[in-house]
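Please read the following points with the sequence and the 3D structure at hand. They are set out for a reader who is new to such notes.

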Amino acid sequence: MRKKAIHAGILACVFVVAIIIFSYAVNRNHVDMTADIGNASLPQVSFTHDSYTFNTLAGYTNEMEMATMRDQITPVMDGKISMQVSILMNAVNVAGNAICVFGLGMGVAGVALPSLVGRAMAAGLILWRASNPANLVHVKAAQCLRLHRGMALRILNIGIPSAFENSLFQLGRVLVVSIIAVFGTAQISANAVANNLDSIGCIPGQAIGLGLITVAGQCIGAQDQKAAISYTKKLVGLTYLVDGALNLAVILGMPLLLGLYNISAETHQLAWLLVLIHCACGIVLWPVSFVLPNALRAANDVRFTMMVS
């Protein structure tokens, strides 16, 4: 019995020594590749269409606030459709004005009717295009009849202050027009001509302002306030540059532009003065008055812009 115990002890020692030698031989040139597991990362989901990646959505540890995420999703409809519909609408408006005013002699009604027809046609075309099932994202008629209370309240929370602000601005324009209406024909005509010409200098700023809503909204939705501030400064600065150049071009081209209108000398002089005042002030004031507020709206500060307005 004693011999068996000795033999078992010897075998155990040999086994342990063999394991040590084998482990040393195997791990002699082995580099330790172990590492601690890092913190879990949040996923990112995006859509790809025609080799173009869009609508990248980052994961969030807390519940998302839809009011700040609304501009994270960009439209996937054809970006050219709005331009094409706008061109068609204006073509119908111009052709209708020519036919109704000069051909049918309808007067003021001949100006209003083609505008109504053109806008109604544009609205119908956009709705038809948006409901096309071939689109990646499209509208279904059945969905339009159902009220999603939570989403409706979020939309109204943003839309009502914006609508009220716009109403105040339009009310101011109505008051100004009502004051001008008591003046003579020369003053009324000069104001109409000036409104057409000075709006040219605002076109780039209007386009940049629309783009700023999407850019700033996406940055806010991604919780990247520094990027939102940076892009806002760049786009406002770009508006100053482009609008300034275009307003100067309008001022320098005033003799040519006013020559397109068959107006009296008094109306010509008044229109020149009005356009000069608007363009000169627009170079300094227009970007911060109309472009910068779009960044605040994209950041859900609609009440602040409403109170300022």
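How many disulfides does a search of the whole structure find?

1. The search finds zero disulfides, a disulfide being a pair of cysteine sulfur atoms within 2.5 Å. Cys-279 is in no disulfide, and the nearest cysteine sulfur, that of Cys-202, lies 7.7 Å away.

2. This is a predicted model, in which local features need pLDDT of at least 70 and side-chain atom pairs count only at pLDDT 80 or more, while totals for chains, interfaces and linings use all residues. Residues are numbered from 1 along each chain as its sequence is written, and side-chain values use heavy atoms, with hydrogens and water left out.

3. Cys-279 counts as buried because its relative accessibility is 0%; buried means under 20% relative accessible area, with a 1.4 Å probe and protein chains only. Cys-100, at 11%, also counts as buried. Of the 309 residues in the chain, 23% are buried.

4. The chain holds 12 helices and two strands; these are DSSP runs (helices H or I, at least four residues; strands E, at least two), numbered from the N terminus. Among contacts (heavy atoms within 4.5 Å) between residues at least 6 apart in sequence, 63% join residues at least 24 apart.

5. The accessible surface of the chain comes to about 21700 Å², and carbon and sulfur atoms account for 68% of that surface. Accessible areas come from the Shrake-Rupley method with a 1.4 Å probe.

Key:
Buried < 20%, exposed > 50% of the residue type's maximum accessible area, 1.4 Å probe, protein only.
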